[in-house]
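Me: I am new to this structure and would like to go through it by question and answer. Could we begin with the term that the accessibility answers rest on?

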Amino acid sequence: MGGEQIRKILFKGDKTIWAVFFIICAISWVEVFSATSRQIGESGSYWSPIIKHTAFLAAGMVVVWFMHNMKVAWIKSFTYIIYWLGVAGLIWAQFDEGSKINDSARWIKIMGMTFQPMELAKMGLVMVTALITTQHQDDEGTDRFALKRILLYCAVPVLLILKENLSTAFIIMLTLYMMMFVGRFPGKQLLAIMGIAVATVVIGITAIMLTPDSAAEDKGLGQKIVTWKHRLLDAVDSKPVSAEDYVIDNEQRTYANIAIASSHIIGCGPGNSVQRDFIPHAYSDFIYAVIIEELGLLGGLFVLILYMTILYRCGKIAKKCEDPYPAFLIMGIGMIITMQAMLHMYISVGDFVTGQPLPLISQGGTSVLINCVYIGMILSISRYAKKASNNPNQANKEVTELITNENNDDNEEGV
């Protein structure tokens, strides 16, 4: 059996997505190995962080291979299961006191393993939005009843995520809005959502700025609101401060900026970062700054292009889909990966601080595995789209399966 035949058997689907995935994994392995120096110093174990990350990357590759062999109709049938598991996990996290870190209910423990249900909830919301949009298609696009159903499904998980992580809630809401735009929701509804969003942001920022610092003493939500307040103040404050005070108050931002400023065009080379020893969470929330320091501005641009390529390929694959569900789903996946990457990059080079890992590159368990599920779904849909263009008869069989499932879903009782 030749190499080409092995490739066709093992790596089916879009070749570009496969290439981008393996390149990102390689960058992740090298840069996380480099960026964990501070973590190694704190834990006292030289190999433990990279062994753990390597295990997650290897498990992620297995997940991608498994998912890319799954039929689109099967993925569709898991939509509500994933959604409700995500919601249940978010609710569980609110009561799992033993898993809270800094009073943040983002994690749960299952059989001794820490899991972040927020990532599963994000996936469930994207899948549910794609499914509902598909079920409400007519000749002019998506009918006006779809929005009510989507809002019902979004209410609880988005509010729970908003309570714990403002930036993640922003990414989800923007992704779902863009999916509605792609799904041709009525223009009046899109404008109304935009108007309500702007009004909510203005009211929310006003309320945050009026919150007294004493609210932080109550811990929980009060502490988070005060944190948001000071981050907003830091972002707009132009008053001069001493270098010492600035570094003390903005440790992450300061050393990330130093890393970027010292990078030049080529960088200092993999493993040679200096600022990795000073940036808190250099292996996760600020790994893009380490990438730029070591690989230079060209390396940073290359990583940006990789994520834009994922979004571009998702758009190309969506155009080939004869059924709307895989088209909407793949666009939602492409947008949520790319927007999270863009926000992480902005945080690493900008003046705002919030916790967002770089998809598939930052160290992490749940995040790595869920993003690998996304890549597997993209590859599965690309196989379906390829069949649709190369073998209309086989494609019609899958379309029939999707329509049958859709009709079954229409007979269900809503939420």
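Reply: A residue is called buried when its relative accessible area is under 20%, exposed when that area is over 50%, and partly exposed in between. The model discussed here is a predicted one.

Me: Is tyrosine 312 buried or exposed?
Reply: Tyrosine 312 has its place in helix α14, which covers residues 287–320. Since exposed means a relative accessible area over 50%, and tyrosine 312 has a value of 52%, this residue counts as exposed.

Me: What distance separates the C-alpha atoms of tyrosine 312 and methionine 331?
Reply: Along the chain, tyrosine 312 and methionine 331 are 19 residues apart.

Me: How many helices and strands does the chain have, and what share of its residues is buried?
Reply: The chain contains 17 helices and 4 strands. Of its 415 residues, the share that counts as buried is 50%.

Me: How many residues of helix α7 are buried, and what distance separates its end C-alpha atoms?
Reply: Helix α7 runs over residues 117–135 and is mostly covered, with 19 of its 19 residues buried. At 1.5 Å a residue, a helix of 19 residues should span 27 Å, and this agrees with the distance between the end C-alpha atoms of α7, which is 27 Å.

Me: What distance separates the end C-alpha atoms of helix α10?
Reply: Helix α10 has 24 residues, 187–210, and among them Gln189, Leu190 and Ile208 are buried.

Me: At what angle do the axes of helix α6 and helix α8 cross?
Reply: Two packed helices are described by the angle between their axes and the distance between the axes. The axes of α6 (residues 79–95) and α8 (residues 146–164) come within 10 Å. Their crossing is left-handed, and its angle is roughly 35 degrees.

Me: Which classes of residue make the contact of α6 with α8?
Reply: On the α6 side the contact includes Tyr83, Trp84 and Val87, while α8 contributes residues including Tyr153, Val156 and Leu160. Sorted by class, the contact has 11 nonpolar, 1 polar and 3 charged residues.

Methods:
Residues are numbered from 1 along each chain as its sequence is written. This is a predicted model: local features need pLDDT of at least 70, side-chain atom pairs count only at pLDDT 80 or more; totals for chains, interfaces and linings use all residues. Side-chain values use heavy atoms; hydrogens and water are left out. Helices (H or I, at least four residues) and strands (E, at least two) are DSSP runs, numbered from the N terminus. The expected span of a helix is 1.5 Å times one less than its number of residues. Buried means under 20% relative accessible area, exposed over 50%, partly exposed in between (1.4 Å probe, protein chains only). Axes are lines fitted to C-alpha atoms, for helices over the stretch in contact, and angles run from 0 to 180 degrees between N-to-C directions. A crossing is left-handed if the near helix is turned anticlockwise from the far one by less than a right angle, and right-handed if clockwise. Contact means heavy atoms within 4.5 Å. Ala, Val, Leu, Ile, Met, Phe, Trp, Tyr, Cys and Pro count as nonpolar, Asp, Glu, Lys and Arg as charged, and the others, Gly among them, as polar.
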